[in-house]
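Hi everyone, thanks for making time for this.

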Amino acid sequence: MKIVITGGAGFIGGNFVHYMIKAHPEYEIIVLDKLTYAGNLETLASVMDKIKFVKDDIADRNAVFKLFEEEKPDVVVNFAAESHVDRSIEDPGIFLKTNVIGTQTLMDACREYGIRRYHQVSTDEVYGDLPLDRPDLFFTEETPLHTSSPYSASKASADLLVQAYYRTYNLPVTISRCSNNYGPYHFPEKLIPLMIANALADKPLPVYGKGENVRDWLYVEDHCKAIDLIIHKGKVGEVYNIGGHNEMRNIDIVKLICRELGKPESLITYVTDRKGHDLRYAINPEKIHNELGWLPETTFENGIKKTIEWYLNNRSWWEPIISGEYMDYYEKMYGNR
Ligand code: NAD
Ligand code: TYD
């Protein structure tokens, strides 16, 4: 089995590469990644001898077709994306290029050279948000797409295109829509790693609005296991929601990180809210549980401890990231907030 993993130098893709090498040591793995600011070869350093790494853009038709012609993969799992909501609010263009045109380009190559499965890694953000005062409501696979940010709009567009390629061309596709992930190799512009890095440096912890927005957190390895199940046992043409019923308010996560690191809550600074900030995400994972037997294995209590420990033990992975270019980003986003 030959599998192309796009975005494999990023957070979830990188974890998926490590997971697949352990779960299926006989598979041939090709990572296709443009190495944007979010891609980091250090994430793959310990497994570089077990994979083939190709630095290219999924939206570059010539490069993608050349790779498919040479490799003729059996399966493609597309993690490659621009993934940060705040960046999409500043500059939507690259989100459309990578997330939509990139998806189209990959699927065109799959049509041209044949494929057993194209899997699109999507997000619960395509469903928009749920109200805070209706804890009985959850996203199911039937919830209408209703996006809020340029990021989620680009992911929803890609999902619709994937479904169109299934219906029109019979491309054997599956789509997964997962809730917020956390764990090792998470780029420190996202909530959990940003708060860990700032707290360790005794820097302010910038909480948007009142910190009451709710996210449904899943340990990244549980997401990897779900995708592994879907590409092997999932039904072609289907969408699977992935989430572990672990809803938390942002402010409670930040306070927990303070407690775990022995830092004072006085570091918490409330800053101007995100534009169009989604209130609550919450997944109903019944379909993947009933049809494929998937259940999350890591509790939030354990997962957050493991994650904090990982950041404490792997400063050489994240400290170089938060110097240089990232400082310019940080100043732009948080300087006058
Ligand atoms: P990430 O930003 O950490 O990594 C993205 C990776 O894609 C990077 O390695 C980057 O270099 C690469 N990439 C970007 N543009 C590319 C291009 N044009 N061509 C090739 N490679 C390119 O993202 P992540 O958090 O690991 O998310 C991975 C996927 O999972 C995304 O599709 C995202 O929408 C989805 N997702 C993320 C979460 C989450 O909580 N992080 C939750 C649900 C779904
Ligand atoms: P994020 O990690 O960007 O993921 P997403 O927006 O895709 O859910 O943000 C998670 C939540 O944390 C979201 O409600 C925004 C909030 N947040 C902050 O309060 N402060 C921050 O500095 C960041 C990055 C996020």
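Predicted model: local features only at pLDDT ≥ 70, side-chain atom pairs only at ≥ 80, totals over all residues.

Okay, ligand 1. There are 28 residues around ligand 1, and the closest are I12, D33, S83, Y151 and K155. Let me pick out some polar contacts. The S83 side chain has a polar atom 2.7 Å from an oxygen of ligand 1. Then there's the backbone: a polar backbone atom of F11 is 3.1 Å from an oxygen atom of the ligand, and a polar backbone atom of K34 is 3.0 Å from one of its nitrogen atoms. How much of ligand 1 does the protein cover? On its own the ligand has 840 Å² of accessible area, and the protein covers 97% of that.

What about the make-up of that shell? By class, we have 12 nonpolar, 11 polar and 5 charged residues around ligand 1. Helix 1 (11-23), strand 5 (117-123) and helix 5 (150-169) each put in at least two residues. Strand 5 gives the largest share, with 3 residues.

Now over to ligand 2. Here the shell has 19 residues, and E125, R215, R274, H277 and Y334 are the closest. E125 has a polar side-chain atom 2.6 Å from an oxygen of ligand 2. For R215, a polar side-chain atom sits 2.7 Å from a ligand oxygen. And H277 has a side-chain N or O atom 2.7 Å from an oxygen atom of ligand 2. Ligand 2 has 510 Å² of accessible area on its own, and the protein covers 97% of it.

In general, nonpolar side chains in soluble globular proteins tend to be buried together. In this model, the largest nonpolar core has 39 residues, and I192, I196, L205, I257 and F300 are the ones touching the most other members. Helix 6 and strand 8 each supply at least two residues of this core, and so do other elements, including helix 8 (250-261) and helix 10 (300-313). Take I192 as an example: leaving out residues up to four places away in sequence, I192 touches Y182, W217, I253, I257 and I304. Apart from this core there's another one, of 30 residues, with Y118, Y165, V173 and V239 among them.

Last bit: two single residues. P193 is in helix 6. Is P193 buried or exposed? It's buried, at 1% relative accessible area. Again skipping residues up to four places away in sequence, P193 touches H186, F187, P188 and Y311.

The other residue is T6, in strand 1 (residues 2-6). T6 is buried too, with a relative accessible area of 0%. Which residues does T6 touch, not counting those up to four places away in sequence? Those are L32, I58, V77, N78, F79, A80 and L106.

Key
Residues numbered from 1 in each chain as written. Chains lettered and ligands numbered in written order. Heavy atoms only, no water. Near = heavy atom within 4 Å. Polar contact = N/O pair within 3.5 Å; in protein donor to acceptor, adjacent residues only side chain to side chain. Areas by Shrake-Rupley, 256 points an atom, 1.4 Å probe, with all protein chains shown as cover. Core = buried A, V, L, I, M, F, W, Y, C linked by side-chain atoms within 4.5 Å. Buried < 20%, exposed > 50% of the residue type's maximum accessible area, 1.4 Å probe, protein only. Helix = DSSP H or I, 4+ residues; strand = E, 2+ residues; numbered from the N terminus. Contact = heavy atoms within 4.5 Å. Nonpolar A, V, L, I, M, F, W, Y, C, P; charged D, E, K, R; others polar.
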